[in-house]
Number of protein chains: 2
Amino acid sequence: MSIRIQKTFEALFALEEIRGIFRSSLPTGLTVEEEAALARQIDALKSIVADLEAGTGVPKVTKIAGTLDIRTREEEGINIHPIQAAGRLTTEARKAIIAYGDGYSSCDFCRKPFRLDKITRPGIAEFHADLAKWLNMDHARVIPGARRGFQAVTNTLVEKGDTVIVSALAHYTEFLAVENAGGIVKEVPLNAGNIVTADATAQKIEEVKRETGKLPALVMIDHYDYQFANEHEIGGIGKVAHQYDIPFLYNGAYTVGIQPVDGKKFGADFVVGSGHKSMASVAPSGVLATTEEWAPKALRTTSMVGDLTKRKFGIKEVELLGCTLMGGTLLSMIASFPTVKERTLHWDEEVKKSNFFIDNLLRITGSRVLSEYPRKHTLTKVDTTGSFDTVAKTHKRRGFFFSDELSSKGIVGEFAGATRTWKLNTYGLTWEQVKYLSDVFTGIAEKHELPVESK
Amino acid sequence: MSIRIQKTFEALFALEEIRGIFRSSLPTGLTVEEEAALARQIDALKSIVADLEAGTGVPKVTKIAGTLDIRTREEEGINIHPIQAAGRLTTEARKAIIAYGDGYSSCDFCRKPFRLDKITRPGIAEFHADLAKWLNMDHARVIPGARRGFQAVTNTLVEKGDTVIVSALAHYTEFLAVENAGGIVKEVPLNAGNIVTADATAQKIEEVKRETGKLPALVMIDHYDYQFANEHEIGGIGKVAHQYDIPFLYNGAYTVGIQPVDGKKFGADFVVGSGHKSMASVAPSGVLATTEEWAPKALRTTSMVGDLTKRKFGIKEVELLGCTLMGGTLLSMIASFPTVKERTLHWDEEVKKSNFFIDNLLRITGSRVLSEYPRKHTLTKVDTTGSFDTVAKTHKRRGFFFSDELSSKGIVGEFAGATRTWKLNTYGLTWEQVKYLSDVFTGIAEKHELPVESK
């Protein structure tokens, strides 16, 4: 590890020790012993900062709580992990969780009616309103991950034995949300280009109607899927769902937070997004947005009454189980939100970088792109069976030769050992990083005598 | 705000800016411009640290992301908030979220079979095993809050129209979890001391059986309730449930993480705990533990098969919707765990401090304790109608006079404006802090000429 990065963490940790002194002190000030402890910690901090500045010193802290490594992948290297890219925290979010990490940190000024989305200090209510508006929906709630959004909707709409239309590329959490509600998934087939079309969706609905005598209870489709990150005919699918009067859930796990999403344009009755996947937030977090029409159902408040005490908790929403993200998760979402809103406006640039890298990868003879191409997304499934895997076949480290090469150049996040079909994500890399990444790939190819087409 | 605390945060934030420089750089090192930016940030940091040391300077950063105040309640004051006390992060947890705040930070080394609780680097699998053992249960899973544990269990066990036995002091999330599953709550009455007894639970079961012709599907009782934090006859209740062969959920939101919990001793089929309430963890987090008998049901894996693709996601657990806490939330739990385990062994000392404070409060004539007394818990409901509220009646600030007095002495977390019945929690305060807290209360009484009995 770079000593300067190491010392950056050590300085952060020393400051947390200093916070600890303040936390256990009296409001009247530090005791003589506490002042002495503080002075010692500040001395230690100054020496760490001196090492940070000079690039000197040796690691003094290598574990957190005795067992956890310091995670420095994002500082040390370029991380192309398929699902981590857009969930990396912004600098503001990192500051927010420093300040708001404690358990119920969002609840300092919780007042009647005692519900998370009504809290005005910090501006949680305003954030909820902004979130709904930004997605062009009427209501938004934060949730512990996109999957909990699927669950809230399936549990609202799906009765035992009902069918739910999903894509043949549906994420497993959609399967589970349907199963959890007692429903059955029916998958829309892909066309030759691995795209879910509106026509195929209509046909699947007809098929379900024919076979079960009943329309599906829900259509739930990913705008971009998790396998290829291909763009599916989401607007057309929304229209089809509405023609059959079936509610439509827009799964924006791979869009909300990285590209502009207009829920109403897509005909979405529900928009679900993921905080830790695409909104630069601490896991588990996400958003469920809905319309005036569906809010009274999916966001219905409790009607349960205690048989004995006659207690009622009227304002609490049944599918959310009341409050959802009461601390650092939510505050990280709020702190990242200005940056997240802004970055969605530059999605075209992210796609350009994605294509720049893929074009370079394709110069390595035998490499293929399994996702649609040119890319419309930064997540891509590639097939290097005809290139890097040919090296792996005879290399003593097998597929790990490739991970070794990447990590020696500071690239992390590939699936270790995989040299056939695998996924990567260039989201959020600077142009310099994408160029470097491209050069590393072609460089590895050249080193191992794989033919590389000239530019 | 104390300038030293302000400067501690500014130093932390400056270091996050420094991390930002490393994050956007190339693995080959910083450019000339990046080196210059780093040098500027280190200069700024050094000047902040100098101010921190000297206690000089003025606040330079007052907002995060332009809108969020820096939260310094835990550093500035003594926080007696009823639900925040035991969710405050440990120093190690604060370090962990600095290192592991990014979205899917737990997933760097996720390998087959691709499930959170199987990850060995960081030691998530080991943590799960430790957690189960520590609660004396067979299996444990992390969950986004205790409520999601209730939900997993009710959704597993409760069919539409089934009844679930809860306490007359049940938390609203238990109501919602039952409602969410289509069930109906039936409340066990309290005895004269506001305690749920085993006998009353048996009677309620009999009543349900008589009225519905069917046994309840579940008994779900809080060891200590959220209103009074009275201790209920949890062991006896577990026995009663088993006599009727009804599964028993032990709600440990107010025990798991602060006092030793032996699930099997209590006859628990399920133990649910809260990370952000009692395990010094980032919200939303928690634990659901169960037995060999119930794991195949509550932790059942998916059996859904794609009709078209024949896809199966066999290892994923339906009620958890697969992975649950994929980043900072879980890592904060893991980092706090050694401290949390240790602190449960000193619960008796926490109870002593609680009683010390309450005894002092009771010296203020007219003050009462609504919780059982002597206290067996650190959360207490008090009634100051006969003391502080008599001042509020004629004070121009009404009940806020009391908040003003408390905050002027560095006490926060009371319910602002409340001078009749309200709750507070002394968990985690040092003896010096508890003594100070007690003196502040009697001091306010004396200032406003309320009679205070001598010790």
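Which residues lie nearest the centre of the second largest pocket? The first legend answers this. The model is predicted: local features need pLDDT of at least 70, side-chain atom pairs count only at pLDDT 80 or more, and totals for chains, interfaces and linings use all residues. Residues are numbered from 1 along each chain as its sequence is written, chains are lettered from A and ligands numbered from 1 in the order in which they are written, and side-chain values use heavy atoms, with hydrogens and water left out.

**View 1. The second largest pocket.** I83(A), Y226(A), F415(A), K423(A) and F114(B) lie nearest its centre. The lining has 33 residues. A pocket is an open set of points on a 1 Å grid over the protein atoms alone, where a 1.4 Å probe fits, with protein on both sides within 12 Å along at least five of seven lines; lining residues have an atom within 4 Å of a point. The space is about 1000 Å³. Such a volume is the space filled by probe spheres set on the points, which are joined across faces, edges and corners. Strand β14 (residues 421-425) of chain A gives the most to this lining, with 3 residues. Helices (H or I, at least four residues) and strands (E, at least two) are DSSP runs, numbered from the N terminus.

**View 2. The largest pocket.** Its volume is about 1200 Å³. Of the 46 lining residues, C110(A), F114(A), H81(B), P82(B) and F415(B) are the closest to the centre. α15(B) gives the most to the lining, with 4 residues.

**View 3. An open sheet in chain B.** The 3 strands follow the order β11-β12-β14, and the pairing is antiparallel. Two strands pair if DSSP finds at least two bridges between them. β11 (368-369) and β14 of chain B are the edge strands, each pairing on one side only. Helix α13 (residues 347-363) of chain B packs on the sheet and touches β11, β12 and β14 of that chain. The direction of α13(B) makes about 5° with that of β12(B). Axes are lines fitted to C-alpha atoms, for helices over the stretch in contact, and angles run from 0 to 180 degrees between N-to-C directions. V369(B) stands opposite V382(B) in β12(B).

**View 4. Helix α15 (residues 400-408) of chain A.** Here F401(A), F402(A), S403(A), E405(A) and L406(A) are buried, meaning under 20% relative accessible area (1.4 Å probe, protein chains only). These buried residues pack against α14 (388-392), β13 (411-412), β14 and α16 (431-447) of chain A, where contact means heavy atoms within 4.5 Å. Just after α15(A), G410(A) takes a positive phi of about 85°.

Conventions
Buried < 20%, exposed > 50% of the residue type's maximum accessible area, 1.4 Å probe, protein only.
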